[in-house]
Every structure is written in C-alpha cells, then in structure tokens.
Amino acid sequence: MVDGRAWARILALARKDAEEVRHQPGLVLPALAMGAGLTLPAFIVMVIAPRLTGEALADSDFAEAAEAAIGLAPALAAYSLEGRAQAFVLQQFLLFALLAPVLGSLSLAAQAIIGEKQSRALEPLLATPIRTGELLLAKVLTPFLISMGLLLATFLLYLGGTALWAEPGVWRTLFWTRTLVLYGVMGPLVSLTALMMAAIISSRVNDARTAQQLGGFLVLPLMALFVTQLLGQFLLGTPALLAMAGLLALSDVLLVGLGIRIFQRETILMRWK
Amino acid sequence: MHGLSRRFGNRLAVDGLSLEVGAGEIVSLLGPNGAGKTTTFRMLAGLLPPSAGSISIGGTALTPDTADAVRSRVGLLTEAPGLWDRLSVRWNLRTYARLHGVAADGARVDAVMSAVGIDDRADERVGALSKGLQQRVALARALVHDPPLVLLDEPTSGLDPASARQVRDLIVRLRAEGRAVMVSTHNLAEAEAISDRIAVLSSRLLACDTPRRLRERRQAGTVVIEVEGEAASWASVARAAGASVDAVEGSALLLRLSGERAVPDVVSALVGAGARLRRVDPRDASLEDAYLALVRADG
C-alpha cells in the first residue's frame with residue numbers, strides 16, 4: 001500500500017533523479033536523437049525513394065500489400081492507391097518508434113542505479129525510512145516518465161512528417177486503434193520491461209554501458225517483429241498487438257517481482273557488486 | 001542493544017554484543033578491521049537484521065515492523081560520504097529531509113547547514129567541495145531529521161588534521177545537544193579525546209569503559225632506568241623487586257611494572273644493591289597499550 005508519506009518519499013527521490021538528468025543532458029540526447037532517427041526510414045521509403053527511383057509508391061509492392069491489408073484495416077479503402085500505400089508503410093514502420101523509449105529507459109535506469117552504486121550513495125539512502133519497493137519505484141519513475149516523453153516526441157515527429165509529406169488525410173491513420181495500442185499500451189509496457197531489466201542488470205554490474213548493452217537484447221524481439229512484417233508485407237493487427245501486450249504485461253509483473261526481491265536492503269548491502 | 005549477534009554464513013561478525021548508550025554520551029567503538037563495527041552500526045540503523053539479540057532505541061524495540069519508524073530516529077554517517085556529487089549541498093540535504101518526512105519549507109535544512117558551517121556553500125555542487133567539506137555535508141545529512149541517536153562510521157578518516165579537528169568539534173557539540181553518539185574509529189587519540197566511554201570490539205565486546213579506566217586496566221606501565229655502567233648486572237635485582245625486564249640496552253633497563261608502589265620499590269632495591277641511577281623515566285600505559293593488550297589477549 002502506497003500512502004501519502006510513501007509517495008512523498010518516492011517523489012523526493014524521483015525529483016532528485018530528474019535533477020541529476022538535468023545536469024547530464026547527454027543521458028537523454030542520444031535516445032532523443034535515436035527516436036528522431038527512427039522516424040526517418042518510413043519517410044525515406046514513403047517520400048525520398050519514389051523521388052529517387054521515379055516509381056510512385058502506388059506502383060510498388062507496398063500498394064499490393066496495402067490492398068491485401070484492407071481486410072485488416074477497412075479504413076484504408078477510403079484513400080487513393082498512393083495514400084493506401086503510404087498509410088501501410090507508416091503502420092509497418094511504427095514498431096520502430098518503440099525503440100526510442102526502450103533505449104531511453106535502458107540508458108536512464110542503468111545510470112540512476114549504477115550512479116548511486118558508484119557514488120556509494122545507496123547505504124545512506126537505505127538508512128532513511130524509504131521502503132525497498134518505494135526505492136525501486138522511485139528509481140524507475142523518472143526514467144519511465146522521460147521515456148514516455150520520448151515516445152510522445154517520436155509520435156509527434158511521425159504526425160508532423162505525415163501531415164507534411166503524405167497524401168492529405170493520411171495523418172488520420174496515426175489515430176487508428178492499432179497505432180494507439182502500439183503507442184499507448186505497448187510503448188509503456190515495453191518501456192517498463194526495459195526499466196526492470198536495466199534495474200536488475202544494474203544490480204550485478206558496475207558500468208552503465210554494460211547494463212545498457214546487456215539490456216539492449218530487448219531490442220532484438222522488436223526488430224524481429226519489424227523484419228517479419230516487412231518481409232511478409234503484412235501488418236500485425238490490433239488483436240495480435242494486444243496479445244503481445246498481454247505477454248509483455250505478464251513479463252513485467254514477473255520482472256517487478258524479481259526487482260522487489262533484488263531491492264531488499266540486505267541484498268543491496270551484501271550482494272550487489 | 002542486548003546480546004546482539006550477526007552471522008554471515010559460517011562467520012560470526014558480531015557476537016553477543018550488549019551495550020547501552022545514553023543521551024548526551026559519546027561512545028567510541030574501537031577494534032581491528034573486520035571486528036564488526038560497521039555491521040553493528042548497520043544493525044542499529046535498521047539496515048541489517050540481527051541474527052540474534054535485541055535493539056531498543058529511545059524505548060522502541062527495533063523489529064521489522066518498527067524499522068521504518070526507528071530509522072527516522074537514527075542518523076547514520078557512512079564510511080564513504082555517498083553524496084550526489086552533481087547536485088548542490090542544498091539539493092542533497094533537501095532530498096534527505098523529504099525522505100525523512102521533514103517539512104519541506106527548508107528551515108530545518110538551513111538550520112543544519114548553519115550548524116555544521118556549510119551554509120555559505122549551500123548552492124555549490126558537492127563534487128566541487130573539499131573532502132573535509134563533503135564530510136560536513138554528510139554529517140549534516142545524518143542530522144537533517146534531528147535524530148536522538150547518531151552513528152558515525154570513521155568520521156575523520158582521510159581528512160587533513162584541520163578538517164578532522166572541525167569534525168571532532170562538531171561531534172562534541174552533538175553530545176552537548178543531548179544526542180547519544182556512537183563513533184567507530186581507528187584513531188585512538190581521537191577516541192580518547194572525545195569519548196565518554198570506549199568499547200573495544202573484536203566480534204564480541206572485549207571491554208567498555210572510560211578511557212582512563214581502560215588505561216588503568218592495563219596497569220603494567222613501563223619504566224626506563226638508566227644506571228652508571230652496564231645495566232645487565234642489575235637486571236636480576238630488578239626482577240627480584242617484582243619487575244619484568246623487557247629489554248637491557250647498554251646502561252638502560254626497560255622494565256614492565258605493575259601497581260602504584262612498583263617504581264619506588266624497584267628504585268629502592270637497585271639503590272640498596274649499590275646501583276648508581278642516572279635517570280628514572282616512568283611511562284604510563286597508553287590507550288594504545290590497553291587496546292593492543294585487549295586485542296592480543298583475544299587472539
């Protein structure tokens with residue numbers, strides 16, 4: 001049970017972490033740059049490649065795949081051939097957007113925990129009335145909120161780019177249920193997975209980069225999903241995404257449980273390296 | 001604390017430690033590395049549960065249920081300052097004040113910064129401060145919630161003499177404020193200067209007394225007696241008078257004696273046997289003698 005005093009402690013520590021991030025913009029900027037960079041491939045395929053090759057997107061394999069996807073997303077039928085193909089490309093590349101909060105979470109959470117270890121600040125912290133569950137929550141809160149900011153930033157970049165370069169009205173496809181599930185459900189869940197993995201790994205290593213590299217394996221399943229979509233020229237529908245979100249939520253529950261065990265006072269003092 | 005023990009695997013780090021510390025009292029813990037001083041502090045601060053025994057702070061027994069409340073009555077200065085280097089002194093202290101539930105209006109933070117003499121550095125980055133000033137910030141952190149019990153783990157370790165002196169003065173002031181203070185240190189002179197009592201630990205409590213009584217317990221003082229000519233021929237006379245001869249070097253006898261009458265008795269015996277004395281230099285047992293004797297006796 002998290003009461004008012006507990007929240008005050010959690011927020012005190014989370015505010016401290018946010019202040020430290022403010023003093024180290026280098027922690028967030030790479031993830032922000034990565035997020036911005038990850039929006040580019042969709043626009044390269046959608047805008048730049050047709051101009052370079054002289055072949056409209058409507059004449060490419062993407063248009064055929066978009067036709068086939070109308071069954072999955074009937075709203076596609078309302079657009080021109082070019083618009084359908086553009087919407088299809090946008091939807092395929094949306095999975096990339098999830099990498100921004102993952103990378104941001106890994107980087108920030110690893111630093112938030114390993115930074116405390118390196119400065120030997122954990123013992124005085126544990127001598128306060130903060131409970132170990134509160135400590136874990138406080139340590140992931142700031143990275144989580146910043147990661148959600150990164151996710152929102154990539155969404156706005158997508159939206160802005162689509163409004164600017166795609167056929168009129170294609171931007172509306174970014175408000176489909178599928179997109180909202182990706183951004184609103186899978187984004188936070190995968191970010192939490194990354195945070196918990198970073199927290200757990202950080203308890204065993206003393207270098208934030210090592211923690212980030214180990215946690216980076218989380219990127220692989222996302223990349224695999226993306227490549228599968230791209231090669232198969234299909235879209236994962238909302239039910240499939242929700243099923244994956246369910247699996248992510250389950251793994252998050254397990255990871256939080258493991259994190260709480262690792263964040264016991266005695267474990268931190270005696271077993272953390 | 002009563003019968004306090006803590007085991008790590010097969011190793012008994014603290015063995016049946018019983019000790020009471022009163023308000024307005026400074027008790028120093030002395031002991032070799034690995035004697036259990038830090039483990040004792042960690043148990044008192046509610047960081048580690050004891051394997052056996054009990055702890056009561058201000059009448060409240062320390063249990064898993066009361067640990068959070070008890071922690072707010074204990075101020076712990078850890079061996080390493082463990083400060084957030086990128087943040088200012090004020091940010092460090094304000095965060096701890098909030099963690100302890102102290103009103104966030106900043107008045108207590110200002111008061112504690114003023115008490116340890118860092119109020120003029122409040123907005124400086126902690127990482128830019130000298131080690132002595134960082135230690136004062138860490139001390140302020142241990143006091144920000146106004147705890148009645150303060151645990152100081154090697155508070156002057158690594159400080160230059162002037163900074164160490166300032167920290168010692170602050171510790172003495174804590175006693176004047178009526179706090180119970182426990183200090184873990186390897187610095188015997190420091191322990192002797194500031195402590196009301198000294199507890200010698202080697203996993204178990206070997207002794208706990210005032211510095212003067214600890215020295216007196218050692219009893220056997222040493223005396224250097226310089227005679228005319230070779231001292232070797234007088235060693236047997238000194239032995240017969242109850243002294244043990246530690247060394248004979250040229251004209252000097254290094255004797256170990258016990259009891260108040262020992263020196264006059266030996267001098268009288270030597271003079272009576274015809275020795276001509278040039279110098280008698282009695283040396284009282286130091287705290288170091290007493291400490292080493294206790295630790296050696298423990299094996």
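**The pocket, the cavity and the contact**

Let me start with the largest pocket. Its lining residues divide into 13 nonpolar, 8 polar and 10 charged. A word of caution before I go on: this is a predicted model.

How much volume does the largest pocket have? About 580 Å³. In total, 31 residues line this pocket. Which of them lie nearest its centre? From chain A, they are A:Arg120, A:Glu123 and A:Leu269; from chain B, B:Thr38 and B:Arg42. So much for residues; now the elements.

Two helices of chain A each give two or more residues to the pocket lining: α6 (122–126) and α12 (265–270). Chain B has two such elements as well, β2 (11–17) and α1 (37–44). Which element gives the largest share? That is α1(B), with 5 residues.

I searched the whole structure for cavities of 30 Å³ or more, and the count is 1. The space in that largest cavity is about 60 Å³. Which residues line the cavity? Chain A supplies A:Pro124, A:Ala127 and A:Thr128. Chain B supplies B:Val74, B:Gly75, B:Leu76, B:Tyr96, B:His100, B:Arg141, B:Ala142 and B:His145. The elements with two or more residues in this lining are β7 (74–77) and α5 (131–143), both of chain B. Of the elements, β7(B) gives the most, at 3 residues. By class, the cavity lining has 6 nonpolar residues, 4 polar and 1 charged.

On to the interface. How many residues does the contact take from each chain? It takes 26 from chain A and 26 from chain B. The area buried between the two chains is about 2,600 Å². Carbon and sulfur atoms give 62% of that area.

Now the charged and polar pairs. There are 3 salt bridges across the interface of chain B and chain A. One of them joins the side chains of A:Glu266 and B:Arg6, at 2.4 Å from N to O. Polar contacts between chain B and chain A come to 6 residue pairs, with both residues at pLDDT 80 or more.

Which elements of chain B give two or more residues to the side that touches chain A? They are β1 (2–8), α2 (67–71) and α3 (89–99). The largest share comes from α3(B), with 5 residues. By class, that side of chain B has 13 nonpolar residues, 6 polar and 7 charged.

Last, chain A as a whole. How many helices and strands does it have? The secondary structure comes to 12 helices and 0 strands. Read along the sequence, the pattern is α after α. Along its principal axes, the C-alpha trace of chain A spans about 65 × 35 × 30 Å.

To recap, both chains have residues in the lining of the largest pocket. Both also have residues in the lining of the largest cavity. Between chain B and chain A, about 2,600 Å² is buried.

Definitions and conventions:
Residues are numbered from 1 along each chain as its sequence is written. Chains are lettered from A and ligands numbered from 1 in the order in which they are written. This is a predicted model: local features need pLDDT of at least 70, side-chain atom pairs count only at pLDDT 80 or more; totals for chains, interfaces and linings use all residues. Side-chain values use heavy atoms; hydrogens and water are left out. Contact means heavy atoms within 4.5 Å. Buried area is the accessible area (1.4 Å probe) that two parts lose on being put together, summed over both. A salt bridge is a side-chain nitrogen of Lys or Arg within 4 Å of a carboxyl oxygen of Asp or Glu. A polar contact is a pair of N or O atoms within 3.5 Å; within protein, one must be able to donate a hydrogen and the other to accept it, and residues adjacent in sequence count only if both atoms are side-chain atoms. Helices (H or I, at least four residues) and strands (E, at least two) are DSSP runs, numbered from the N terminus. Ala, Val, Leu, Ile, Met, Phe, Trp, Tyr, Cys and Pro count as nonpolar, Asp, Glu, Lys and Arg as charged, and the others, Gly among them, as polar. On a 1 Å grid over the protein atoms alone, a cavity is a set of points where a 1.4 Å probe fits but cannot get out, and a pocket is an open set with protein on both sides within 12 Å along at least five of seven lines; lining residues have an atom within 4 Å of a point. Grid points are joined across faces, edges and corners, and a volume is the space filled by probe spheres set on the points.
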